[in-house]
Amino acid sequence: MHVKELIAKFQNYFLEQNLSDIRIFFSPGRVNLIGEHIDYNGGYVFPASLSIGTYLLVQKRTDNKLIFVSENFPGKSYERSVENLYFNEADGWSNYPKGVFDAFKTFTNVELTGMNLYFWGNIPNGSGLSSSASIELVTATMLNEVYEQHIDKVELVKLAQKVENHYIGVNCGIMDQFAIGMGKKECAIILDCASLEFDYVPLELKTTKIVIMNTNKKRMLADSKYNERRSECEKALAIFQTKLDIQNLCDMNLDLFDINVSLLEGHDVLTQRARHVVSENERTKEAVSALRNGDLEHFGKLLNASHKSLKEDYEVTGVELDTLAETAQLQAGCLGARMTGAGFGGCALAIVEEVEIESFIAAVGVIYKNKTGVEASFYVVETGSGSTELFGR
Ligand code: GLA
């Protein structure tokens, strides 16, 4: 949306305000190309920040009120004070920015003043493209700039993850916040989640584009299933650690895993989970090399293998994601497709030849509708920059 339109929307809500001191911030959504469910296992992930995201318009107030407004969520606006930042279920979506205010206050000790805050986003909610991490990072970036704290971006990323883990109560890894905070246009990030070392890899997709396919299925039980997978991984790790000196499942390569897998005998589910984690880590490294070498065919095949592993070993897909990814894989011009994000609903992605995109969307859409009774949505996405100030200083 154009800056002028955003300011007009802000004005609708905060009529009495002088507009000269409005500042505007942006944080993207993210798509993970490959490296799924391994950020919390010390593995490599390969996400990219998108051009869609969350805009935040702010203005300081002279009192201590925080007024959170958004048209994207049910429960448009919430009013709290800077002294009252505790989590409250009834505060709905505003718990995300409120949690960031709370963590920022503790981290910096700055004296917060009131603010008018207008959020507007074009990431479909609940789609697994990280709309919540985007809100967290746009708020953290804003606070850092407005209060001139010069906090390093990676620290803001960690602060946002902490909010998700301890304030919201979702035990996520660091991938989403990192991709959103540190993203770069036309690049994906290869991130080692054990050390947080990272590198930008130019996303040179030649004549293809990334198509995101939304199941439009609400992610049922996603948080509890997510936490269940995490604890299964912890159990598998603890068993390997009885013999191996490792900190994370991803410290093993496939050879080491194969040699030691008998330690998991009698624990079939844990064996499956660990096999996904170790193999996905290898696929991710291979996918980055393939992309660097311009071998998109191979890159696509690794995406397909990733989906299969998430379906059969990690069991986080379900009929909707399987139908989208597996149907996509069969279409002309599709180099590869897989679920992206936590799974259990949400989105899949496909790499598709540009000239075939129209017929691809039509064909996958019909088959998906016939099988599930639900209409899928498709977005041909572009990459975008990480969290930043757009306007105002
Ligand atoms: C969610 C979490 C991430 C990551 C993915 C799965 O998006 O927030 O930390 O674990 O699921 O790869």
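Strand β4 (residues 65-70) and strand β6 (residues 115-121) run parallel and are joined by five bridges; strands here are DSSP runs of E with at least two residues, helices are runs of H or I with at least four, and both are numbered from the N terminus. Within this pairing, V69 sits opposite Y118 of β6. The model is a predicted one, with pLDDT of at least 70 needed for local features and 80 or more for side-chain atom pairs, while totals for chains, interfaces and linings use all residues. Residues are numbered from 1 along each chain as its sequence is written, and side-chain values use heavy atoms, with hydrogens and water left out.

The β4 and β6 strands belong to an open sheet of six strands, ordered β5-β4-β6-β3-β1-β13, with mixed pairing; two strands pair if DSSP finds at least two bridges between them. At the edges stand β5 (77-81) and β13 (388-391), each with a single partner strand, so one side of each has no neighbour in the sheet. From one strand to the next, the twist averages 25°. Helix α5 (residues 175-182) lies across β1 (23-32) and β3 (47-60), and runs at about 130° to β1. Axes are lines fitted to C-alpha atoms, for helices over the stretch in contact, and angles run from 0 to 180 degrees between N-to-C directions.

Now for the rings. A pair of aromatic rings is described by the distance of the centres and the angle of the planes. Rings of Phe, Tyr and Trp (its six-membered ring) pair if their centres lie within 6.5 Å, and planes under 30 degrees apart count as stacked, over 60 as edge-to-face and the rest as tilted. By that rule there are 13 aromatic pairs. One of them is the tilted pair of F26 and Y55, at 4.8 Å centre to centre and 50° between the planes. F26 is in strand β1 and Y55 in strand β3, so this pair ties together parts 29 residues apart in sequence.

Helix α3 (residues 131-146) turns up in several helix contacts. The axes of helix α2 (residues 95-108) and α3 come within 9 Å and cross at roughly 40°. That makes α2 oblique to α3; angles under 35 degrees count as roughly parallel, over 145 as roughly antiparallel, 65 to 115 as roughly perpendicular and the rest as oblique. The crossing of α2 past α3 is right-handed, meaning that the near helix is turned clockwise from the far one by less than a right angle. Y96, P97, V100, F101 and F104 of α2 meet a set of α3 residues including I135, T139 and L143, where contact means heavy atoms within 4.5 Å. By class, this α2 contact with α3 has nine nonpolar, three polar and one charged residues. Ala, Val, Leu, Ile, Met, Phe, Trp, Tyr, Cys and Pro count as nonpolar, Asp, Glu, Lys and Arg as charged, and the others, Gly among them, as polar.

The α3 and α5 axes also come within 9 Å, crossing at roughly 50°, which makes α3 oblique to α5. On the α3 side the contact uses A133, S134, E136 and L137, and on the α5 side D176, Q177, I180 and G181. These residues divide into three nonpolar, three polar and two charged.

Against helix α4 (residues 153-168), α3 packs at about 130°, with the axes 9 Å apart. α3 and α4 are therefore oblique to each other. α3 residues S132, E136, L137, A140, T141 and N144 meet L156, V157, L159, A160 and E164 of α4.
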